[in-house]
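Thanks for coming. I will take a few minutes to walk through one structure, and you can follow along on the screen.

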Amino acid sequence: MKSRRYLYGLMGLLSLLGFIGIFTEERGFLAFFAFVVDFEYFFIKSDEMLEEYMNKSASRAFYCGMIMTAIITTIYFLFQNRAGHDALSIGFASGWAVSVIVYALSTAFYGFKEKWELSND
């Protein structure tokens, strides 16, 4: 369980990509600073409930990302008349973005739900 906690915390290293947005004109990289909140997992005591909601969040994010990749790729390929590699690149980027958003919202929901239930005990 301890190694998983480190994996969750190491996702915070993705926030370092945000500095590309500061030092260049590529402002899209600034969104990577949102991953800095994942460093908190180094300091949270891991338990079964944390593992369960992290697994639920990850699986939900994976499926949403894959579905979005398929939908966006199909739309861009069939209806926008883009080349296959362009449509697939846009689909992958969209799917990854949706996965990150769904994962973040899902873990936040479960985290707030757990804290709210603990405070009502």
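I will start with the overall fold and then go to a few single residues.

First, the ground rules. This is a predicted model, in which local features need pLDDT of at least 70, side-chain atom pairs count only at pLDDT 80 or more, and totals for chains, interfaces and linings use all residues. Residues are numbered from 1 along each chain as its sequence is written, and side-chain values use heavy atoms, with hydrogens and water left out.

Now the fold. The protein chain has four helices and zero strands, so the order from the N terminus reads α-α-α-α; helices here are DSSP runs of H or I with at least four residues, strands are runs of E with at least two, and both are numbered from the N terminus.

What are the overall dimensions? The C-alpha trace spans about 55 × 35 × 25 Å along its principal axes. The radius of gyration of the protein chain is 17 Å, while a compact globule of 121 residues would have one near 14 Å. That radius is taken over C-alpha atoms, and the globule rule is 2.2 Å times the number of residues to the power 0.38.

Of the 121 residues, 27% count as buried. Buried means under 20% relative accessible area, exposed means over 50%, and partly exposed is in between, with a 1.4 Å probe and protein chains only. Contact means heavy atoms within 4.5 Å. Among contacts with a separation of 6 or more, 61% are between residues 24 or more positions apart.

On to charges. The protein chain carries 10 positive and 12 negative side chains, and the centres of the two sets are 2 Å apart. Lys and Arg count as positive, Asp and Glu as negative, and His and the chain ends are not counted. The place of a charge is NZ of Lys, CZ of Arg, CG of Asp or CD of Glu.

How many salt bridges are there? The count comes to one, where a salt bridge is a side-chain nitrogen of Lys or Arg within 4 Å of a carboxyl oxygen of Asp or Glu. It joins the side chains of E52 and K56, at 3.4 Å from N to O. Both sit in helix α3 (residues 48-79), four residues apart, which means about one helical turn separates them. E52 is partly exposed at 45% relative accessible area, and K56 is partly exposed at 37%.

Now helix α4 (residues 84-119), where we find T107. Is T107 buried or exposed? T107 is buried, with a relative accessible area of 9%. Apart from neighbours within four places in sequence, T107 is in contact with Y41, Y53, M54 and S57.

Last, the loops. N81 lies in the loop between α3 and α4 and is exposed, at 65% relative accessibility. N81 has a positive phi of about 55° although it is not a glycine. Most residues other than glycine have a negative phi.

From V36 to T69 is 33 residues in sequence and 25 Å in space, C-alpha to C-alpha.

That is the end of my list.
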